[in-house]
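Here is a short report on a few local features of one model. Look at the sequence and structure first, then read on.

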Protein chains: 2
Amino acid sequence: MTDELRKGLEGVPVAESELSRIDGDAGELVYRGYTIEDLAREARFAEVIYLLWHGHLPDADELVAFEESMAAERTVDDDVMDTVARLAAADENPMAALRTAVSMLSAYDPDADAPASDTEATLRKGRRITAKIPTILAALARQRDGADPVPPREELDHAANFLYMLNGEEPDEVLAETFDMALVLHADHGFNASTFSTIVTASTMSDLHSAVTSAIGTLKGPLHGGANQDVMEMLQEVDASGKDAASWVETALDEDRRIPGFGHRVYDVKDPRAKILGERSKELGEAAGDLRWYEHSTAIEEYMAEEIGLAPNVDFYSASTYYQMGIPVDIYTPIFAMSRASGWIAHAIEYTEDNRLIRPRARYTGPDTRELPPVDER
Amino acid sequence: MTDELRKGLEGVPVAESELSRIDGDAGELVYRGYTIEDLAREARFAEVIYLLWHGHLPDADELVAFEESMAAERTVDDDVMDTVARLAAADENPMAALRTAVSMLSAYDPDADAPASDTEATLRKGRRITAKIPTILAALARQRDGADPVPPREELDHAANFLYMLNGEEPDEVLAETFDMALVLHADHGFNASTFSTIVTASTMSDLHSAVTSAIGTLKGPLHGGANQDVMEMLQEVDASGKDAASWVETALDEDRRIPGFGHRVYDVKDPRAKILGERSKELGEAAGDLRWYEHSTAIEEYMAEEIGLAPNVDFYSASTYYQMGIPVDIYTPIFAMSRASGWIAHAIEYTEDNRLIRPRARYTGPDTRELPPVDER
C-alpha cells in the first residue's frame, strides 16, 4: 500500500466499470462498446438509458415497453409540485431546486424503503426519477416566469415531452432530435465528480434518491456542470462587445479571466462530444439564418487552440446549441442533470452489485496531542 | 503513478487535514490535538464546533458570541417547515426527510449564491444549517406522532434546546449533558464515507447546502450511520427473547446474521467513543434502576470479543444511551447527522481552501468497440 497523497484522485482507478470508456489521447468515448458518434447518429436517448441500465441495446419490443413504462411515471406528486412552486417563488437556483425536488420524490416512491441490494426496485426508482426530472424542471422554469406548469404528455418521447412542457407547444422535429441527441451525448462519462459522488453515497448501501441527490449537488459546482452556462454568458458578452471574438478572448486572457468550456481532466484533444454538438450548432444557425453564435464559438476555439493549446469540451458547444433552441441559459446545467441521471443510476447499480464501502484516509497535519485548557485560560 | 485498483480507497490518503487524527491500533481519536476523552469530559458541543471551524478553542467571549449567533438562527422558514410537515404526513424516512429539508434551506439562505471561495459566507451558512437541523428534526419527530412542533428557545444551549423541542419540556441536567457529550463524540472522524462525500461535492466548488445534503444521504446508508438504530433493534430483540444475550448472539451468528455495532474500517481495538458512551449508558441504567440495556450490551461485547475478535464501535453504545434518554429509535441516525454536520462543514471549508477537483478513474471492463446494430437486427 502506497502512502502517496492522491489529492483529487487524478488517474487513480477506484473501481471497474463496463459503462463507458474514455480515451483522452484519441478523443474517444464509448458506452458499452458503442462509439458516441454512432450513438448520437443512430440511437435515441431511451435506447441509451436502456443500454446503460440493462447492458444491451433494446430490441423493438423492449424499447416500446421501456418507453411506455417511463412515460407512465412522468406525473409528479402534488406535494413535490407544491414545493417546486415555492422554490420558484423564492427564486431558488435551478440546480438547488432540482436537488431538493429529487430528494423529496423518495417520500412518494413505493420502493423507497427497498434495500439497495434489490436491483429490480432500484431500477423502478431509477425509471421514476428519470421520468420525473423533466416535469420538475419544466414546471420550475415556467413558474419562475409566472406561467403555469404544463402537464406531461405520454405519447411524446422523453426529449419532445420536455420541450413541450417547457414551452407549452410541441417542438418541431429538428429541435426534438437535436435535444434528444444532446441527452445521448451527456448520459455517461466515466467517474466524473458527480458520478463519483453517486457511488460514494451508494457505497454505504444508501438509497438511489440519496445517490442521485448527491450527484445533482456535485454537478452544481462551477468546476463541473456549471460551465455550459458560463460559456453562453461569455458568448453573449462577446456579441455585445462588438469586437471580433478572437480579440475579445485575447483581452479577457490578458485580464486573467478564465475562458469557460476549455480543457478537461481526461481529454488532451478535442472532446468528441464537442465535435458533434459543434456541427449541430452550425446547422441550427444556418436554419435560423444567423450564424453569429456558431461563428463566435469557432473563433474562440481557434484562438484557444493556437495560443493556449486547449481544445473545447462538451460544455463549449452545448451552450450555443441550447441557446439557439431557445432554452433559458440557467437551465443548461439542470438539462445536463436530466441526461446524466441515467449514467448516475447505472453506476449506482453497477457499483453496489459488487459493493465496497468507500472510505479513504486523511493525512493528519494538525497539532500534536495537547492538554485541553479551561475556558478562562484560553 | 500506480495503476492498482483501489476499490473502497481503503488506506489511500486523498488529502491533508488538521481536523481529526485517528489511531486505529491504539484506539485514539483527537480533534485538532485534543483527545476525545478530554473533550467529552471538559468541552461542550458548541466549543467543539468552534474548534473545528475556527482552528482553536473559543475563549469565554468568543464562546458566548458564537452560541448567541447560532441560537439566533434556530427558527426555520415557514416554507421548509411546511415541507417537513408534508414529509411527516407521508411517513418519510427521517434521514430522507432531513436530506430534503436541509437541501431546501438554501432557497431561504441570504448567502446561498456566495461562491464557495467566500469562507466567511460559508461559515454563516454553516452556522445556519447547524442551528436549524435540530429544529427540523424535532418538528419531524413530533409531527409524525400527531403533535405540533415546539418552537426553539434561544436561552437553551444546542443540546438542551433540541431535547426541549423534541419532548416539549426542558430536559434535566443529566440528560442535557449526556446528549451534549454524545454530540461531542460524533462531531468528526476523518474521511469517513459521509465526510468524503461532502468533500467530493465541495470539490466542484459547489455550495455548502449541496455538500451537507450529499453527506446526509451518504450517512443514511446501513453500512454507515444506520448501525446505531440496528443495534437498538437487536437489543430489543434480545430482551424480548428472554434468552441471555450471549446465547442470543451465538444463535444469531449461527444463522449468519450480522451483529451491528461491531468492527470498523479504521479501529482494530475498541473505539474510544464506545468506551465513553458505555460508561454513560451504565450511569443512565443505574439512575433508572434498570441495567438491562447496559447489561445486554456488555454481554454481547464480551461474546464478540472472545468468540469473533471484534470490538464495539461508537454505534454500539450510543444505541442504549439514546434509548435510555427516551429518544425514538429511528432518529438515532439523524442525531448522528445533527452532530457530524459540524465536521462536514469544517471539512468542506478546509478542503476548498486548497481545492482540487476530485475526479478518479474507472477501469473499463466493458465490451470492445463494436458496430451499432439497427433496432430490427438486435
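This is a predicted model. Start with the strands of chain A. Strand 2 (residues 20–23) of chain A and strand 3 (residues 28–31) of chain A run antiparallel and are joined by four bridges. Within this pair, A:Asp23 stands opposite A:Glu28 of strand 3 of chain A.

Strand 3 of chain A also runs antiparallel to strand 4 (residues 34–35) of chain A, with two bridges between them. Here A:Tyr31 has A:Tyr34 in strand 4 of chain A as its bridge partner.

Both pairings form hairpins. Each has a residue with a positive phi. The table sets them out.

| Hairpin (chain A) | Residues between the strands | Residue with positive phi | Phi |
|---|---|---|---|
| Strand 2 and strand 3 | four residues | A:Gly27 | near 70° |
| Strand 3 and strand 4 | two residues | A:Arg32 | near 45° |

Now turn to chain B. How do the axes of helix 14 of chain B and helix 15 of chain B cross? The axes of helix 14 (residues 292–308) of chain B and helix 15 (residues 314–324) of chain B come within 10 Å and cross at roughly 170°. Angles over 145 degrees count as roughly antiparallel. Helix 14 of chain B and helix 15 of chain B are therefore roughly antiparallel to each other.

Which residues make the contact? Helix 14 of chain B brings B:Trp293, B:Tyr294, B:Ser297, B:Thr298, B:Ile300 and B:Glu301. Helix 15 of chain B brings B:Phe316, B:Tyr317, B:Ser320, B:Tyr323 and B:Gln324. Six residues of this contact are nonpolar, four are polar and one is charged.

Notes: Residues numbered from 1 in each chain as written. Chains lettered and ligands numbered in written order. Predicted model: local features only at pLDDT ≥ 70, side-chain atom pairs only at ≥ 80, totals over all residues. Heavy atoms only, no water. Axes fitted to C-alpha atoms, helices over the stretch in contact; angles between N-to-C directions. Parallel < 35°, antiparallel > 145°, perpendicular 65-115°, else oblique. Contact = heavy atoms within 4.5 Å. Nonpolar A, V, L, I, M, F, W, Y, C, P; charged D, E, K, R; others polar. Pairing = 2+ DSSP bridges.
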